[in-house]
Amino acid sequence: MNLARLDLNLVVALRALLEERNVTRAGHRVGLSQPAMSAALARLRRHFDDDLLARVGGHYELTALGQVLLDRTSTAYDVLERLFASQATFDPAQENREFTLVASDYAVSVFGTALARHLHEEAPGIRLRFTQTPSTVVEDTATLLSTVDGLLMPHGVISDFPATDLYDDRWVFLVSDDHPDVGGRLTRQDLAELPWVTYQRTYDAPAVRQLGMLGVEPHVEVSVDSFQLLPLLVAGTRRIALVQARLARLLAPIAPVRVMEPPYEAVPLREALWWHPVHTHDAAHIWLRETAAAVGAHLPRPPHGPQVNGTA
């Protein structure tokens with residue numbers, strides 16, 4: 001297809017038509033008259049050789065192709081909007097804008113708070129918006145990155161997108177202070193036999209994938225979308241949880257749990273900021289990535305070995 005022959009204004013019209021499913025409302029949304037929007041719909045129908053909107057009774061519904069195009073058009077619109085918002089220069093002390101980062105509560109707690117403090121002091125007009133990492137991040141990475149400014153995610157979960165390394169961490173286990181079956185150390189048999197509480201999908205973590213190679217399959221009893229809830233779901237139970245050492249230190253006051261070393265050489269965790277290639281040469285994003293890397297480099301080192309009194 002020759003993109004040079006396409007009118008990119010039709011992307012705006014297509015998105016409005018598919019979302020509003022009404023020519024008049026779509027026209028009002030994008031500032032076009034009803035005849036102009038009808039003309040745009042006619043052009044789109046010729047291009048796709050499909051009605052896109054089909055009248056059913058007194059209203060319009062999307063055709064099968066229209067339904068397929070609904071999500072794709074939204075993604076394309078977001079990419080185009082970010083592409084044409086790119087800047088040649090960026091002055092953080094003078095700019096007024098918002099960056100949206102997708103992150104787990106772990107990444108926000110350990111890194112996002114430090115980044116927010118830095119921006120508060122150095123770039124008062126810059127706003128940060130953190131959104132929760134979806135469980136479909138591995139399958140829909142490209143779509144997700146096309147709609148935000150970046151994704152905080154360790155290496156080993158996603159790939160094939162540009163990334164800036166931020167900081168290192170290590171994995172530890174949490175067990176209840178009064179766990180009846182765990183003494184001074186965990187064993188591989190404990191990992192195989194005890195119930196687990198995990199963050200979202202356990203198998204996405206390289207440290208857990210290692211266990212499969214060791215012949216250990218975690219028995220997941222509870223799964224939750226928050227790392228910070230893990231201590232509460234471990235305390236007073238026979239469950240165990242895999243958590244990052246930096247976060248375990250921050251969670252110390254939350255619940256009576258112990259931090260235990262893994263009974264295997266767990267692969268270390270390296271957190272990174274991932275972004276869509278459309279942002280690579282944008283001055284604002286270059287500044288964001290360089291700032292994030294500098295903040296990550298100044299984080300305290302993760303704790304090593306058992307904590308004081310064996311608690312988190």
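Contact here means heavy atoms within 4.5 Å. Keep in mind as you click around that this is a predicted model.

**Stop one: α1 and α2.** Select residues 9-20 for helix α1 and residues 23-30 for helix α2. On the α1 side, pick out Val12, Arg15, Ala16, Leu17, Glu19 and Glu20; these meet Val23, Arg25, Ala26, Arg29 and Val30 in α2. Sorted by class, that contact holds six nonpolar and five charged residues, with no polar ones. Now look at the geometry: the two axes come within 8 Å and cross at roughly 135°, which makes α1 oblique to α2. The crossing of this pair is right-handed.

**Stop two: α5 and α11.** Next, select residues 105-122 (helix α5) and residues 283-297 (helix α11). Their axes sit 10 Å apart, and the helices pack at an angle of about 115°. Show side chains for Phe111, Ala114, Leu115, His118 and Leu119 on α5, then for Trp287, Thr291, Ala292, Val295 and Gly296 on α11, and you have the contact. Its make-up is seven nonpolar and three polar residues, with no charged ones. The α5 and α11 crossing is right-handed.

**Stop three: Leu144.** Go to helix α6, residues 141-145, and click on Leu144. Buried or exposed? Its relative accessibility is 15%, so Leu144 counts as buried, the cut-off being under 20%. Leaving out residues up to four places away in sequence, Leu144 touches Val102, Pro134, Val137 and Leu151. To finish, draw a C-alpha to C-alpha distance from Leu144 to Asp49: the two are 29 Å apart in space and 95 residues apart in sequence.

How values were computed. Residues are numbered from 1 along each chain as its sequence is written. This is a predicted model: local features need pLDDT of at least 70, side-chain atom pairs count only at pLDDT 80 or more; totals for chains, interfaces and linings use all residues. Side-chain values use heavy atoms; hydrogens and water are left out. Helices (H or I, at least four residues) and strands (E, at least two) are DSSP runs, numbered from the N terminus. Buried means under 20% relative accessible area, exposed over 50%, partly exposed in between (1.4 Å probe, protein chains only). Axes are lines fitted to C-alpha atoms, for helices over the stretch in contact, and angles run from 0 to 180 degrees between N-to-C directions. A crossing is left-handed if the near helix is turned anticlockwise from the far one by less than a right angle, and right-handed if clockwise. Ala, Val, Leu, Ile, Met, Phe, Trp, Tyr, Cys and Pro count as nonpolar, Asp, Glu, Lys and Arg as charged, and the others, Gly among them, as polar. Angles under 35 degrees count as roughly parallel, over 145 as roughly antiparallel, 65 to 115 as roughly perpendicular and the rest as oblique.
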